[in-house]
Amino acid sequence: MIPIPIRKHFIPIILSTCLIVLLGLQSCKKKHSVIADEMFRVTQNEIFKKADTAEYLPVFKRVFAKYRKKIANPMVIESFFKKNEYEPLLVVNHLNNGDLDALPEYINRLNEHGLDPSIYPTEEIKTLVAKLKDKTAIKTIEEGYETVAKLEILSAGALVKYSNAIQYGVINPKKIYSRYFMATRRPDSLGMLNTLGTASFKTYLDSIQPKSPQYLAIQKAYRDSATIEGLSREESKRYLLVSLERLRWRNKPYEPKYVIVNIPDFRLDVMEDGKSVLNMKVCVGQGRNMENQNTLEHFDDTARADKPFPRETPILNSVIHSVEVNPVWNIPRSIATKEIIVEAAEDRFYLANKNIDVFKDGKRIADPETIDWSQVTPNNLEYEFKQRPGEDNSLGKIKFLFKNRSSVYLHDTPNKAAFRKTMRAVSHGCVRLGDPLGLATNLFGEGADLDTISNDMIVNKPEPTNIGLPKKTPIYITYVTCWVDGNGVIQYRPDVYGLDIVLYSHLQPVLAK
């Protein structure tokens, strides 16, 4: 045999390659040893001394494929296992400290929150835990791999699903409501991964239980099967269930001072440090269910989907940044087509009497009464309308401005009679204020700006005055039909927009039976 010469500069490369191979073999042996040692340590079942990651991995992937459609957020859960190289961390870290026993116990108490625990695999988790704790129950390593993989996947899915439901609610309001523009925090992948990596399930599950006084009061009423005065037992129960879900949504004010409007209560409050320092009646946009023809107990199938009436006030949050005293009303096209051109066709001097200017291509038309309004239709309307400041201006003497996609605002009104009504869903969508000067006084405080506002609201000025708030104030326009008042009495309001019915319909598959 002829010896093959090896050049000196190849020797380090060959040695390095050999070293890498040896290290790889040692790593495989170490990996094998770790999973075997850890699984035997937590189960004390001799069968797991044969455990090997290379053999476990394909079993895990097969089981995951089987359960993928049955667990919530499968992509996040899969990324958790992949990140941890598919090691059975949940079993290793949580089997013997009671966490995997505690998880089904917490889930089985979901009915205390009005939710159905039976949609979680609690019995299967308990069976798998018991099987792993029984030192002789698993006879083969293949059975061991299958048992561990199922428990890892089902417990991960259940933990994340439960955590999300309790902390964020089971329904995303933005997916069921057409006019929902409230900033609402929803579960994200980072949060779910952190949940799966928590050191103690029991400590974590205790920490996420709802603690707000409103939630606890409504929850107690639900668990006590309370009947709300004026409602049947069944409708009371549904009001409470819907309220619990709304209270789980992460959309609540957090600032020390804010303005809040509750649409069904027709009320505005200025809140400071958790207390109302100013409240007043308001009028809101007209709704689809003002006659209460559909109730939570009896409603048509057509009421299950959100089909807003065009004049409903949207749910939103924003920041009040300024006011306009003696405002100009830029009349929305929807109102122009349905009301203004109709009135103008019937009375050629309607526009002049209402101080409404007409514009075409940005230019004011001097004599709008010469237009044959009977020939103008919504399809061929090429005019814009603006109502000048004055006593008859539909916005009254002041409006409070905040950015929003629906072009709504808070404003005064010349129509004070509406505030004497119980049903105050009467506007085109904006919020009419019962005490606009009171709100201005609160937001501006004493000083030159408030003096200007007060004087200009008395005097009929032909031009508006714009004044910025010294401190911008958050505003929340909400929809809450049931709550516990300061005296501990459950209050409810009719579902004027039918939004309770929409929410209840989406909740039905997950509600406690």
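**Figure 1. Crossing of helices α5 and α7 in the predicted model.** In this predicted model, α5 passes α7 in a left-handed crossing. Helix α5 spans residues 99–108, and its axis lies 11 Å from that of α7, at a packing angle of about 45°. On the α5 side the contact is formed by L100, L103, Y106 and I107, and on the α7 side by L151, S155, A158, L159 and Y162. Eight of the residues in the contact of α5 with α7 are nonpolar, one is polar and none is charged.

**Figure 2. Packing of helix α2 against helix α7.** From α2, the residues E55, Y56, V59, F60, R62, V63, F64 and Y67 meet Y145, E146, V148, A149, K150, E152, I153 and L154 of α7. By class, the contact of α2 with α7 contains 11 nonpolar residues, five charged residues and no polar ones.

**Figure 3. The second largest pocket and its lining.** The volume of the second largest pocket is about 860 Å³. Its lining consists of 36 residues, and those nearest the centre of the pocket are W329, P332, I335, H428 and G429. Two elements, β6 (329–330) and α13 (333–346), each give two or more residues to this lining. Helix α13 provides the largest share, with six residues. In the lining of the second largest pocket, 14 residues are nonpolar, 12 are polar and 10 are charged.

**Figure 4. The largest cavity and the residues around it.** The model contains three cavities of 30 Å³ or more. The largest cavity has a volume of about 60 Å³. Thirteen residues line this cavity, and R179, D306, E312, I315 and L499 are the closest to its centre. The lining of the largest cavity includes seven nonpolar residues, together with four charged and two polar ones.

Notes: Residues numbered from 1 in each chain as written. Predicted model: local features only at pLDDT ≥ 70, side-chain atom pairs only at ≥ 80, totals over all residues. Heavy atoms only, no water. Contact = heavy atoms within 4.5 Å. Helix = DSSP H or I, 4+ residues; strand = E, 2+ residues; numbered from the N terminus. Nonpolar A, V, L, I, M, F, W, Y, C, P; charged D, E, K, R; others polar. 1 Å grid on protein atoms, 1.4 Å probe; cavity = no way out; pocket = protein on both sides within 12 Å on 5 of 7 lines; lining within 4 Å. Points joined across faces, edges and corners; volume = space filled by probe spheres on them. Axes fitted to C-alpha atoms, helices over the stretch in contact; angles between N-to-C directions. Left-handed = near helix turned anticlockwise from the far one by under 90°.
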